[in-house]
Amino acid sequence: MNGINDASRKPGLLFLSLSDGSDTRINKEIATLARVFTIDFVGVAVGEPHPFVARHTRKMEVVPGRRRSVYTLVRLAWRVGRLLAANRYDSVHVVNENLYLALWPLLLGQRVVLDVFDSMFLKTTLAAWQKRVGARFCYALPAKIIVTDEERAALMPVYIQKKLVILPNYPFRYTGPVGSRDPQSIWIMYAGSLENCRGTSFLQALLAICEDVRVVMAGWIKEDDEPTLALSRHPHVEWLGIQPQQKIIEQATRCDFILCHYEPKSINNVYASPNKIYDAIQAGTAVIINPEVRVAAFVREHGLGVVLDAYEPKDLVAVAQSLREFKSSYRPDPELAGKFLWESVESRLLTAHAIAAN
């Protein structure tokens, strides 16, 4: 068995995800952890992988395949088992409960930090007693459990509150180029996980009635999501593909709004903690958000953008007019840009792993 810390004079960390590492939060976490740990990354790529985190890792292994495929999970588990057998890791970082539950037999005896981006227990249709049993089993082993904000922490079981680490979805400070804005059009950045229930339907309807609306799209589209694929080919849409977070912020500096649109069909969506709001603060760009999402209150309090009247607005003509008016009057607050930064909270991630490795 190799002692990673003997070879590199750093402790070793195994980072496990069902993505290929292109997720913006994973990018930030690995960049921070790499200052202290030698990192091996194992993930899944649907299509061509995007090795954004490769420069921060000793080893990056990506399994091609569908994330919900049993065959993909078996191959992922084989790679994880092989690495665990060959190396002594001081800490193991696992993104989301579903991956942890799939791999837990391999993680027995390991020091685990569970990172909950989107809790499966807030999305699943299981009965309440099944959720309780599943959560108690899932949360027993990890030394620390990371959540994105205080409201998410309040939704977690009482018996794990002492294990929780709140690590907000803030971006690194942006110091890159700033684009120029088009005074004649309304430019909207649509980024992240792109789905019908996360903005596609809203933008399709808005584009259908507004000649002055333009959209910049960047992120992940499911291969069977025909409406979103069609939107990416719309003549008033610029499709950028998958981009790192700093590139998204750069593109957002030339846009008037970043879209934060979540269908309120689950507790997980209502309690969404979108990094897009904090990206917008760094870019000096306003946001569009629906009121059912609890973080809309934060947007309204700080005057950060347009809060729609509902997930499905009653009057899109009125919405378009409110966007034009807000575009002309919005002035970003530089104090906020200096407040909501990854640099101000990343030590919590390091502390979580330091405690887990003690």
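Reader: What covers the buried residues of H3?

Author: In this predicted model, where local features need pLDDT of at least 70, side-chain atom pairs count only at pLDDT 80 or more and totals for chains, interfaces and linings use all residues, the cover includes strands E2 (12-16), E3 (38-45), E4 (59-64) and E5 (87-88) together with H4, contact meaning heavy atoms within 4.5 Å. Residues are numbered from 1 along each chain as its sequence is written, and side-chain values use heavy atoms, with hydrogens and water left out.

Reader: Which residues of H3 are called buried, and why are they said to line one face of the helix?

Author: Thr 72, Leu 76, Val 80, Leu 83 and Leu 84 are the buried residues of H3, the term buried being kept for under 20% relative accessible area, exposed for over 50% and partly exposed for what lies in between, with a 1.4 Å probe and protein chains only. Seen down the axis of H3, these buried residues fall within an arc of 100°, so they line one face; the arc is that of the directions from the helix axis to the C-beta atoms. The face turned away from that buried side carries the exposed residues Val 70, Tyr 71, Val 74, Trp 78 and Ala 85.

Reader: What makes the span of H3 close to the expected one?

Author: Helix H3 (residues 70-86) has 17 residues and reaches 24 Å from its first C-alpha to its last, and the expected span, 1.5 Å times one less than the number of residues, is also 24 Å. Helices here are DSSP runs of H or I with at least four residues, and strands are runs of E with at least two, numbered from the N terminus.

Reader: Why do the buried residues of H4 count as lining one face?

Author: In H4 the buried residues are Glu 97, Leu 99, Tyr 100, Leu 103 and Leu 107. Seen down the axis of H4, they fall within an arc of 135°, so they line one face of the helix. Their cover includes E2, H3, E6, strand E7 (112-115) and helix H5 (128-138).

Reader: Why is Asn 96 called buried, and what is its phi?

Author: Asn 96 has 15% relative accessibility and therefore counts as buried. Its place is the loop between strand E6 (91-95) and helix H4 (97-107). The phi of Asn 96 is near 80°, a positive value in a residue other than glycine, whereas most residues other than glycine have a negative phi. Just after H4, Gly 109 also takes a positive phi, of about 90°.
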